[in-house]
Amino acid sequence: MDKFRMIFQFFQSNQESFMNGICGIMALASTQMYSAFDFNCPCLPHYNMAYGLGILLVPPFILFLLGFVLNNNISMLAEEWRRPRGQRGKDPAVLRYMFCSMAQRAMIAPAVWVSVTLLDGKCITCAFCTSVPVETLGNASHPLLSQGEIQRVLARIPCKEIYNGQELIANEVAVRYLRCISQALGWCFVLLMTTLAFLVRSLRPCFSQAAFLKSRYWSHYIDIERKLFDETCAEHARSFAKVCIQQFFEGMSTDLVAGRCHLPRKASADTGEASKKLLGITDQGTMNMALKSWHRCKPPLHLHPPALPSGNGLAGEGQPSVHPSAPRRETAAYYSLV
């Protein structure tokens with residue numbers, strides 16, 4: 001359990017680790033889905049290729065879209081791309097980095113599905129069973145079958161229980177031929193994906209490491225800023241609700257005890273702290289204006305240090321002391337009369 005707890009804490013450490021964990025779970029789920037999938041080739045000349053290629057390509061496309069849906073940064077990317085320019089410019093390099101990062105993670109599960117499907121060989125066997133070279137592997141000069149009948153017989157190769165063309169070509173020979181081709185394509189696909197990942201990881205620092213670090217830093221900044229803004233809004237909403245509820249109950253208690261001349265209870269210390277957290281935003285219109293202002297013109301990424309007050313209380317006049325003056329040391333002298 002301690003190991004699982006450590007892994008779970010690592011996934012929660014930052015956004016990238018969390019998304020890497022999600023992509024790993026999706027990759028394992030894709031293999032489990034394929035192993036549990038009941039593959040049934042229609043064994044018809046005009047439907048085999050559509051069914052085989054559909055099983056090979058459609059689920060990876062769905063997994064790719066699902067990878068984008070499960071990525072929390074997709075909404076952040078769309079918001080950053082569509083927001084007005086305002087007081088802060090939009091860096092296209094940061095947007096490209098965010099999109100490429102999401103696309104790379106979303107490609108893991110589809111790549112695993114395609115690799116497992118090709119290595120298994122059922123889809124290729126179903127899709128291209130009518131393209132088996134009968135001249136090389138079987139008896140192409142069968143006198144009792146026309147070209148259309150040969151295609152119908154070859155289409156039944158994936159369905160061993162209904163295949164009736166042993167005189168034309170042996171079922172085991174055709175299946176082994178197509179499966180070998182499928183496995184060769186699968187290993188080539190795995191090698192290609194591994195080579196591309198190696199080149200991206202190894203060659204990228206050699207060309208654009210500074211730009212990559214800049215884009216990665218500001219991508220993390222946008223994510224952290226959004227989280228802090230949501231937390232601040234949630235804290236403000238909590239304080240606003242606490243003050244509203246407290247005022248409501250105080251008003252009700254005042255109305256109920258007005259005839260008995262009982263004074264309402266004083267506001268608690270928690271309510272006073274909640275009022276301080278409102279920062280002057282105490283109505284719905286002001287809060288809506290603040291939210292719209294945050295979306296339309298975010299503050300620029302340039303922090304100005306606060307002006308230090310001078311001796312006469314006006315900023316910019318006089319030279320304020322950088323270090324506080326040291327406390328004056330007092331010395332006591334004692335004299336004795338001899």
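Colleague: Before we start, what should I know about the model and its numbering?

Modeller: Residues are numbered from 1 along each chain as its sequence is written, and side-chain values use heavy atoms, with hydrogens and water left out. Since this is a predicted model, local features need pLDDT of at least 70 and side-chain atom pairs count only at pLDDT 80 or more, while totals for chains, interfaces and linings use all residues.

Colleague: How many disulfides does the structure hold?

Modeller: A disulfide is a pair of cysteine sulfur atoms within 2.5 Å. Here you'll find 2 disulfides. One joins Cys-41 to Cys-126, with S to S at 2.0 Å. That pair ties together distant parts of the chain, 85 residues apart: Cys-41 sits in the loop between helix H2 (15–36) and helix H3 (48–70), and Cys-126 in helix H7 (residues 122–127). As for the term, helices (H or I, at least four residues) and strands (E, at least two) are DSSP runs, numbered from the N terminus.

Colleague: Why is the disulfide of Cys-41 and Cys-126 called right-handed?

Modeller: Because the torsion about its S-S bond is about 75°.

Colleague: And which cysteine does Cys-43 pair with?

Modeller: Cys-43 is joined to Cys-159, S to S 1.6 Å. This pair also links distant parts of the chain, 116 residues apart, with Cys-43 in the loop between H2 and H3 and Cys-159 in the loop between helix H9 (147–154) and H10. The link of Cys-43 and Cys-159 is right-handed, with 90° about the S-S bond. Number the bonded cysteines in sequence order and the pairing reads 1-3, 2-4.

Colleague: Is Cys-126 buried or exposed?

Modeller: Buried means under 20% relative accessible area, exposed over 50%, and partly exposed in between (1.4 Å probe, protein chains only). Cys-126 counts as buried because its relative accessibility is 0%. Cys-41 is buried too, at 13%, and both Cys-43 and Cys-159 are buried.

Colleague: Which residues make the nonpolar surface patch?

Modeller: Patches take residues with over 30% relative accessible area and no salt bridge; like charges are joined within 9 Å, nonpolar side chains (Val, Leu, Ile, Met, Phe, Trp, Tyr) within 5 Å. A salt bridge is a side-chain nitrogen of Lys or Arg within 4 Å of a carboxyl oxygen of Asp or Glu. Here Leu-192, Leu-196, Phe-198, Leu-199, Leu-203 and Phe-207 make a patch of about 630 Å². Leu-203 lies in helix H10 (residues 171–256), and at 38% relative accessibility Leu-203 is partly exposed.

Technical notes
Areas by Shrake-Rupley, 256 points an atom, 1.4 Å probe, with all protein chains shown as cover.
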